[in-house]
Amino acid sequence: MTVPLRFAEATTVPAALGARGYDIVIGRGLLAELGKRIAALKPGACAAIVTDEAVAARHLNTAETALVAAGIRAAPIIVPAGESSKSWRVLEQVCDRLLEARIERNDVVIALGGGVVGDLAGFAAAILRRGLDVVQVPTTLLAQVDSSVGGKTAINSNRGKNLIGAFHQPILVVADTALLDTLPAREFRAGYAELAKFGLLGDAGFFAWLEANWQDVFAGSAAREHAIAVACRGKAGIVARDERETGERALLNLGHTFGHAFEAAAGFSDRLLHGEAVALGIVCAFEFSTRLGLMSTNDAGRVAHHLAAAGLPTRLSDIPALRTDADALMNLIAQDKKVQRGKLTFILVRGIGQAFVARDVDPAQVRAFLAEKLS
Ligand SMILES: NC(=O)c1ccc[n+]([C@@H]2O[C@H](COP(=O)([O-])OP(=O)(O)OC[C@H]3O[C@@H](n4cnc5c(N)ncnc54)[C@H](O)[C@@H]3O)[C@@H](O)[C@H]2O)c1
Ligand SMILES: [Zn+2]
C-alpha cells in the first residue's frame, strides 16, 4: 500500500447488503454536500438532525445550511453529550421530538455525532413508525471507522451496555474527515485504537502501513481518509458476510472482552474511554495469545509499542487509581461473556492480522494472566 500524495475526491465504499445495501462516502468537507446526497436518494423527504450539544455547537450550522440549500426542511434535535444519553429517557424525548417535527415514513433521520448519537438516533429510527430511514454522519474517529457502519443500534440498560437495540442499517453514511479536526485529541486517540484493530484482526499490511503513517493520520492529511476508507472497507466486508454476528463479525470484538472488564472496573468514567480500554484489551489479547503458545514471534511487543507511541494506554498501571483484583475482573468478564460449560469465548490471535474466535478458553488461565498483569 502506498501513501496517497494529495487529497483525493471522496472515496465511496459500498456496503453490499442487497436490498439493505448503502454507500459509505469518505472525504474532507463532505458535510457541505449532505443535502445534495440526501435529496438524490430521497427526493422530497424532510429530515430531523439528531445531534449532541458539543457537536451542535461546532457543526450543526453547516449541516442545516447544506440541507436548506437542497430544499430539505430539517428539524434539529439536540441531546446532552455523553454515554448517559443512550437511555430510555433520552430515547423517549428523541421519539417525541421526531413526532412533533412530523417526520413521516418517507422522511429521514440524520444522526450527526459520535457513536452515542449514532446508536441512539439509529435505534429511534428503527422503532419510530415501525422504521424510518437513517443517514449516519459520524463525527468521531470511532464512529467513522466503526459504529456508523453495520447497522447495530442500541441504548443501555441498568444491567449493561447496549442491551436494548436493533439491527437497522443506514441508507447512507457520510464521513467528513474534516469534522475530526475539532475532536479532542484524547477522543481521536481512543478512536485510533479501533482503527488499528482492523489491521490487527485481519490485515497485517494495513497495520504495517499505520506503523509508518500514523502521524499523518493524526495530522489530518490524505492518509487519514485512506485509513478510514480501509477500515470501512474491512468492516463493510465483514458485515456483508455476517450481518447478524453469527460468526466472523465477532472478530470485531478483538480486545473488547478484556477491554469491557477494564472499562467497568474504571466505572465507565472518563478515567478510561472505550477506545483506551480497547487498546489495553488488544495488548492483553496479544499477550495472552502468546502465553497460550499461539505465536512464536514478538507481535505482542510490536503491538504494545505502536499503541503506546500513539499515546494509548497499554498497561493496567496506565489507568489512574484503578482499584481491582483478578477475581473482580473475572466476574466482569463472566458477566460480559456467557460462560459455556466452564469455558470462555475470546478473540485470540496467531499473529498480527490473524485473529480467530476461540470458544474453549480456560477461565483459570485468564485469571492467572490477569493476576500477573496486575502485580
Ligand atoms: N453501533 C456500533 O456498532 C458501535 C460500535 C462501537 C461503539 N459503539 C458505541 O459508540 C459509543 C462511543 O462512541 P464515541 O467514542 O464516538 O463517543 P461519543 O459519541 O460520546 O463522542 C465522544 C465525545 O466527543 C464529542 N464529539 C463528537 N464529535 C465531535 C467533534 N467532531 N468535535 C468535537 N467534539 C465531538 C461528543 O460530544 C462526546 O463528548 C459507545 O456508546 C459505544 O457503545 C457502537
Ligand atoms: Zn469498540
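A nitrogen atom of ligand 1 sits 2.7 Å from an N or O atom in the side chain of Thr139, a polar contact (a pair of N or O atoms within 3.5 Å). This is a predicted model, in which local features need pLDDT of at least 70, side-chain atom pairs count only at pLDDT 80 or more, and totals for chains, interfaces and linings use all residues. Residues are numbered from 1 along each chain as its sequence is written, chains are lettered from A and ligands numbered from 1 in the order written, and side-chain values use heavy atoms, with hydrogens and water left out.

**Ligand 1**

- Asp52 has a side-chain N or O atom 2.7 Å from an oxygen atom of ligand 1.
- Lys161 has a side-chain N or O atom 3.4 Å from an oxygen atom of ligand 1.
- Taken alone, ligand 1 exposes 870 Å², and the protein buries 87% of that. Such areas come from the Shrake-Rupley method with a 1.4 Å probe.
- Helix 2 (53-69), helix 4 (115-127), helix 5 (141-147) and strand 8 (160-167) each give two or more residues to the shell. Helices (H or I, at least four residues) and strands (E, at least two) are DSSP runs, numbered from the N terminus.
- Helix 2 gives the largest share of the shell, 4 residues.
- In total, 25 residues surround ligand 1, each with a heavy atom within 4 Å of the molecule. The closest are Asp52, Glu83, Thr139, Thr140 and Thr182.

**Zinc ion (ligand 2)**

- Glu194 (OE), His256 (NE2) and His274 (NE2) coordinate the zinc ion at 2.0 to 2.1 Å. Donors are N, O and S atoms within 2.8 Å of the metal (3.2 Å for Na, K and Ca); water is not among the atoms, so sites may look incomplete.
- Along the chain, the donors follow the spacing E-x61-H-x17-H.
- His256 in helix 9 (residues 256-265) and His274 in helix 10 (residues 274-291) are 18 residues apart, and the pair links distant parts of the chain.
- His256 is buried, at 8% relative accessible area, while His274 is partly exposed, at 22%. Buried means under 20% relative accessible area, exposed over 50%, and partly exposed in between (1.4 Å probe, protein chains only).

- Helix 6 (residues 185-202) has 18 residues, which should span 26 Å at 1.5 Å a residue; its end C-alpha atoms are 27 Å apart, which agrees. The expected span is 1.5 Å times one less than the number of residues.
- Helix 8 (residues 222-241) is mostly covered, with 16 of its 20 residues buried.

How values were computed:
Polar contact = N/O pair within 3.5 Å; in protein donor to acceptor, adjacent residues only side chain to side chain.
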